[in-house]
Amino acid sequence: MDDDGSAALEFIAVGVILLVPLIYLVIALGTIQEQTLGAEAAARHVARAVAQAPDAAAAAAYGDSVLAGVVDEYGLDPDAVDLSFSCTPAGVACPSPGAVLTVEVDTRVRLPLVPDLFGLARSAAVPVHAEAVQKVSRLWGAR
């Protein structure tokens with residue numbers, strides 16, 4: 001039996017079979033990492049902007065502006081980003097002087113090359129959660 005040239009063919013076939021999933025894995029993990037960094041940046045920067053705002057109206061405007069900038073910069077899906085605030089101690093207005101502000105950002109990362117067929121894009125999405133905590137100054141709102 002003549003085996004001339006079959007080693008090269010086997011190497012190419014096995015290489016392609018192993019290389020394609022590996023490349024997809026690298027691309028998918030890179031996309032997830034980018035979106036995770038974006039969610040963390042959004043939570044951190046929105047918390048800082050709200051805590052340093054002079055009053056509640058400015059805090060809302062600053063927070064919206066910062067969130068829009070981070071969503072644009074990191075390529076997050078604006079419809080998938082969910083932002084929530086909470087303050088400690090419970091029962092105080094959020095934000096309020098001396099409170100500890102917690103900002104949570106939730107989003108879903110769609111895996112690359114997954115078609116939006118039969119809801120595959122929704123089920124093939126990775127949830128990402130980020131949280132940031134910022135102490136609000138005791139003098140907040142008194143400026």
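A: E2 gives the most to the lining of the largest pocket: 3 residues. The model is predicted, so to speak of local features takes pLDDT of at least 70, side-chain atom pairs count only at pLDDT 80 or more, and totals for chains, interfaces and linings use all residues. Numbering starts from 1 along each chain as its sequence is written, and side-chain values use heavy atoms, without hydrogens and water.

The pocket's volume is about 230 Å³. A pocket here is an open set of points on a 1 Å grid over the protein atoms alone, where a 1.4 Å probe fits, with protein on both sides within 12 Å along at least five of seven lines; lining residues have an atom within 4 Å of a point. Volume is the space filled by probe spheres set on the points, which are joined across faces, edges and corners.

Of 13 lining residues, Asp-77, Arg-108, Arg-110, Ala-121 and Ala-125 are closest to the centre. Two elements give two or more residues to the lining: E2 and helix H3 (120-123). Helices (H or I, at least four residues) and strands (E, at least two) are DSSP runs, numbered from the N terminus. The lining divides into 5 nonpolar, 3 polar and 5 charged residues. Ala counts as nonpolar, Asp and Arg as charged.

Now the strand itself. E2 (residues 100-110) is joined to E3 by 11 bridges, and the two run antiparallel. Pairing takes at least two DSSP bridges. Arg-108 stands opposite Pro-127 in E3. The open sheet has the order E1-E2-E3, with E1 (82-88) and E3 (125-135) as its edge strands.
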